[in-house]
Amino acid sequence: MFEKNILINRRSRICDEVQSGLIFLYGNNPVPMNYPSNTLRFRQDSNFLYYCGLDFPGLNVIIDTDSKRSVLFGDDLTSDDIVWEGSRISIMDMAIRVGIEESMPTSKLEQYLSSYIGKIHYLPAYRADHINLLKSLFKNNIHTSKELISSVIAQRSIKAPEEILEIESALEITAEMHKLAMQNSSDGVTEQSVVGKMEGYALSNGSRLAYPSIFTINGEILHNNNYHNFMKNGQLLLNDSGAESSNYYASDITRTFPVSGKFSSQQKEIYSIVFKMQEAALKLCKAGNSFKSAHLEASRIAVEGLKNLGLMRGDPDNAVQNGAHALFFPHGLGHMLGLDVHDMEGLGEDLVGYEFGSDRSDQFGLAYLRLSKELKSGFVITVEPGIYFIPHLIEDWASTNKLVDFIIYDEVKKYKGFGGIRIEDNVHITENGHEILGPNIPKTISEIETCMAGNA
Ligand SMILES: [Mn+2]
């Protein structure tokens with residue numbers, strides 16, 4: 001947990017921003033997996049963590065913006081609870097630990113809120129128990145607070161030095177996970193066994209994953225969470241995996257490497273295009289530039305490269321304007337990263353990623369751009385271009401000759417079965433440009449081949 005002054009300052013700042021009324025922040029509860037007492041791994045709500053730091057289930061907090069005083073609601077364990085779960089610090093001691101002035105039992109929450117005259121601010125709920133809690137507290141009249149949502153986004157978007165350190169500490173573990181994956185992959189091995197090694201490394205080092213790993217020979221399936229394949233020489237592996245820091249900050253890294261440890265010349269050609277897409281995008285990663293411009297530049301580099309290989313034709317800018325690159329690069333260049341791997345997405349993807357009032361494109365590809373707005377010093381974002389050969393999408397577009405002025409379908413079809421390549425790093429926007437966070441993780445073709453050289 002951060003020291004309490006950091007948490008006190010964060011709460012004071014949100015009071016200044018929201019200006020009036022009460023701020024009600026709910027903490028997460030245990031979630032049953034298959035029966036009530038067998039629960040999923042507990043993860044505290046990120047907004048609750050950000051302002052209160054307490055990683056215990058069953059807590060809620062109310063912050064009074066006028067007095068800047070807070071009340072922590074929660075129940076001390078009963079003597080029966082202690083028999084099963086062991087003891088934990090009292091609710092009052094939790095409050096003291098994070099600089100909260102007062103504590104009350106959960107049974108007082110409803111009365112406290114209903115006796116208040118004035119606005120009660122709360123955030124959108126993403127779990128059924130919270131939706132039900134809000135319905136019951138506010139008599140089915142749920143109005144999330146625009147002021148609170150935009151203030152939280154503004155505050156959490158700019159990472160303080162201690163938050164950068166958290167992301168970097170998560171990346172220390174992530175770097176080892178990625179090297180382990182490269183060194184334990186070879187012909188005949190299952191994806192599952194490598195996933196187990198990576199997750200085991202995170203767990204045995206006191207960490208856990210920030211999201212379920214994508215580790216697959218079918219990298220063209222963008223969010224593939226199956227690990228049942230045997231890998232074969234000649235195939236590529238796409239590894240999108242990241243650990244969480246001890247204060248629950250995420251990291252999010254993708255590397256793509258050949259099962260055999262040596263890239264084929266065709267794989268090298270596509271890999272080099274994705275590498276250049278990332279380099280070009282990173283050059284534009286500085287305060288004042290829009291992330292959309294970096295996304296479009298990466299897209300343009302993709303078209304140029306694919307044109308050189310005889311898969312595309314025509315003017316690259318024109319191709320990008322028409323969305324032709326999205327056959328190969330259908331997702332956005334990246335997203336915010338912080339306590340959540342897609343940071344603050346629970347508050348509204350457009351509110352986090354787009355300027356107020358700006359429209360999100362409905363063009364295939366660009367529509368999936370999660371982050372578009374002007375970059376500011378203190379943002380932490382992912383930069384993750386990719387090129388994929390998605391058999392279903394190729395057939396679909398080819399059947400209607402979609403954008404045939406830019407796409408040479410007879411050539412593209414030869415790449416069915418190639419898979420996909422993505423390269424992803426975590427980037428801190430600074431006053432003068434950017435820094436790539438964390439230790440170096442093998443990324444160039446020669447770094448990857450060297451890292452894998454010891455494979456059987
Ligand atoms: Mn990502």
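Two residues are in contact here if their C-beta atoms, placed from the backbone, lie within 7 Å. The model shown in these views is predicted.

**View 1. Glu101 and its contacts.** Glu101 sits in the loop between helix H4 (91-97) and strand S6 (102-104). Leaving aside neighbours within four places in sequence, Glu101 is in contact with Arg69 and Ser70. Arg69 is 32 residues away from Glu101 along the chain, yet their C-alpha atoms are separated by 6.3 Å. Glu101 has 13 other C-beta atoms within 10 Å, so Glu101 is partly exposed.

**View 2. Helices H10 and H11 pack together.** H10 covers residues 265-283 and H11 covers residues 291-308. Their axes lie 8 Å apart, at an angle of about 150°. That angle makes H10 roughly antiparallel to H11. The crossing is right-handed. H10 brings Ile273, Lys276, Met277, Ala280 and Ala281 to the contact. H11 brings Ala294, Glu297, Ala298, Ile301, Ala302, Gly305 and Leu306. By class, the contact has 9 nonpolar, 1 polar and 2 charged residues.

**View 3. An open sheet of 3 strands.** The strand order is S13-S16-S17, and the pairing is antiparallel. S13 (380-383) and S17 (434-436) stand at the edges. Each has a single partner strand, so one side of each is left without a neighbour in the sheet. From one strand to the next, the twist averages 35°.

**View 4. The pairing of S13 with S16.** S16 spans residues 425-429 and runs antiparallel to S13. The two strands are joined by 4 bridges. Ile381 has Val427 of S16 as its bridge partner.

Note on methods. Residues numbered from 1 in each chain as written. Predicted model: local features only at pLDDT ≥ 70, side-chain atom pairs only at ≥ 80, totals over all residues. Pairing = 2+ DSSP bridges. Axes fitted to C-alpha atoms, helices over the stretch in contact; angles between N-to-C directions. Buried ≥ 20, exposed ≤ 12 C-beta atoms within 10 Å, placed from the backbone. Parallel < 35°, antiparallel > 145°, perpendicular 65-115°, else oblique. Left-handed = near helix turned anticlockwise from the far one by under 90°. Nonpolar A, V, L, I, M, F, W, Y, C, P; charged D, E, K, R; others polar.
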